Amino acid sequence: MKRVAWIYHPDYLLHTPPFEHPESPERLVAINDHLGKAGLIERMVPVTPEYPEDADILSVHDREYLNRLETACRRGDLTLDSEDTYINRHSYNIALLSAGGAIAGAKAVAEGTVDRAFCAVRPPGHHAGRSVGMGFCLLNNAAIAARYLQARHGVGKVLIVDWDVHHGNGTQNIFLEDPTVFYFSIHEHPTFLYPGTGRRWEIGKGKGEGTTLNTPMAPGAGDAEYRTTFEQTLEPAVERFRPEVILVSAGFDAHRDDPLADLQVTDEGFRFMTRHVVGLADRFCGGKIVSILEGGYETSSLTSCIEIHVRELLDE
């Protein structure tokens, strides 16, 4: 069995919506309860996240944006930049602690205290850009973890596999011209789903051209289409890129029971994706995977898929 870090902090529950909202603390409560009852938390290595250093956050986000986010939270604003991205007086600190969770997972894997990590953090991050919050996201946890690995552990090339049903426009934009971070996203087609980006022709710019790979799925697509994409599109790209660490932006809202999209991925589809990424990590980067929670808004499918995801990471 592999050593898998369990990254969680009870303060993640302090980021609460001021109105009805699908991204709520109850998601993490349900995940924690489900994994506990399944006996999985005790089989993982608990790692308590800490607040990150400024340099690690500023490697991705502008200072002006951080100041604006902090001020808005202290002032009691209800949203930041868009109506779907809520905040409260705790949100600035909890967003930092969420990024700290991604860093803690990356650190544990990089230092070899664990083989892999699952970061049960919130708010999610992959829509957040350098200077903007959107899509429930305030700080880009995966991007911060990637930059942390490069700056603090000498990692050269990082692969981000983003299987949240929504395109991770924030992550793509942050690394758009960076050839050292390969961004792969599989998501519902932007014609039909937020945020309206992630078309196949979006492949990066400048030195980063060719290190962005978008594979939009038509509504109704499910396990078979995902399997084909992973085997015939992702795998050859990974063979060419040769990452040193794989980060997963692990959203579970492509599930057929999730209310926010129109895809038909099943529990077994998420088992396949996790198992395939584990295989790629074993082949190309010593098995190093840091999985970071993004979306997933239907409790039963969210918890069952995360149980499967964790079991595959543990290599049970």
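Residues are numbered from 1 along each chain as its sequence is written, and side-chain values use heavy atoms, with hydrogens and water left out. Since the model is predicted, local features need pLDDT of at least 70 and side-chain atom pairs count only at pLDDT 80 or more, while totals for chains, interfaces and linings use all residues.

## Two helices

Helices (H or I, at least four residues) and strands (E, at least two) are DSSP runs, numbered from the N terminus. The expected span of a helix is 1.5 Å times one less than its number of residues. Helix H1, residues 25–37, has 13 residues and reaches 19 Å from its first C-alpha to its last, close to the 18 Å expected. The buried residues of H1 are Pro25, Arg27, Leu28, Ala30, Ile31 and Leu35, where buried means under 20% relative accessible area, exposed over 50%, and partly exposed in between, for a 1.4 Å probe and protein chains only. An α-helix has 3.6 residues a turn, so residues three or four places apart point the same way. The buried residues of H1 pack against strand E1 (4–7), strand E10 (289–293) and helix H9 (299–314), and just after H1, Gly39 takes a positive phi of about 75°.

Gly112, whose phi is positive and near 80°, follows H4. Ala110 belongs to H4 and is partly exposed, with a relative accessible area of 30%. Leaving aside neighbours within four places in sequence, Ala110 is in contact with Leu149 and His153, where contact means heavy atoms within 4.5 Å.

## The largest pocket

On a 1 Å grid over the protein atoms alone, a cavity is a set of points where a 1.4 Å probe fits but cannot get out, whereas a pocket is an open set with protein on both sides within 12 Å along at least five of seven lines, and lining residues have an atom within 4 Å of a point. The largest pocket has a volume of about 240 Å³, a volume being the space filled by probe spheres set on the grid points, which are joined across faces, edges and corners. Its lining consists of 14 residues, of which Glu50, Tyr51, Ile103, Ala104 and Lys107 lie nearest the centre, and H4 gives the most to this lining, with 4 residues.By class, the lining has 7 nonpolar, 2 polar and 5 charged residues, where Ala, Val, Leu, Ile, Met, Phe, Trp, Tyr, Cys and Pro count as nonpolar, Asp, Glu, Lys and Arg as charged, and the others, Gly among them, as polar.

Strand E9 (residues 245–250) has 6 of its 6 residues buried, so it is largely enclosed by the rest of the structure. Val245, Leu247 and Ser249 point one way from E9, while Ile246, Val248 and Ala250 point the other way. Two strands pair if DSSP finds at least two bridges between them. Strand E6 (residues 158–162) and E9 pair in the parallel sense over 5 bridges, with Ser249 as the bridge partner of Asp162. E9 also runs parallel to E10, to which 5 bridges join it, and here Ala250 stands opposite Leu293.

## Two buried residues

Leu176 is found in the loop between helix H6 (169–174) and strand E7 (181–188), and it is buried, with a relative accessible area of 15%. Although Leu176 and Lys205 are 29 residues apart in sequence, they are 5.8 Å apart in space, C-alpha to C-alpha. Apart from neighbours within four places in sequence, Leu176 is in contact with Gly204, Lys205, Gly208 and Thr212.

Ser301, which lies in helix H9, is buried as well, with a relative accessible area of 4%. Not counting residues up to four places away in sequence, Ser301 touches His255 and Asp257.

## Backbone angles in the loops

| Item | Backbone feature |
|---|---|
| Arg122 to Pro123 | cis peptide bond, omega about 0° |
| Tyr194 to Pro195 | cis peptide bond, omega near 5° |
| Asp81 | positive phi of about 70° |
| Arg242 | positive phi of about 55° |

Pro123 is placed in the loop between strand E5 (116–119) and H5, and Pro195 in the loop between E7 and strand E8 (212–217). Asp81 is not a glycine; it is found in the loop between strand E3 (79–80) and strand E4 (82–86) and counts as partly exposed at 40% relative accessibility. Arg242, also not a glycine, is found in the loop between helix H7 (223–241) and E9.
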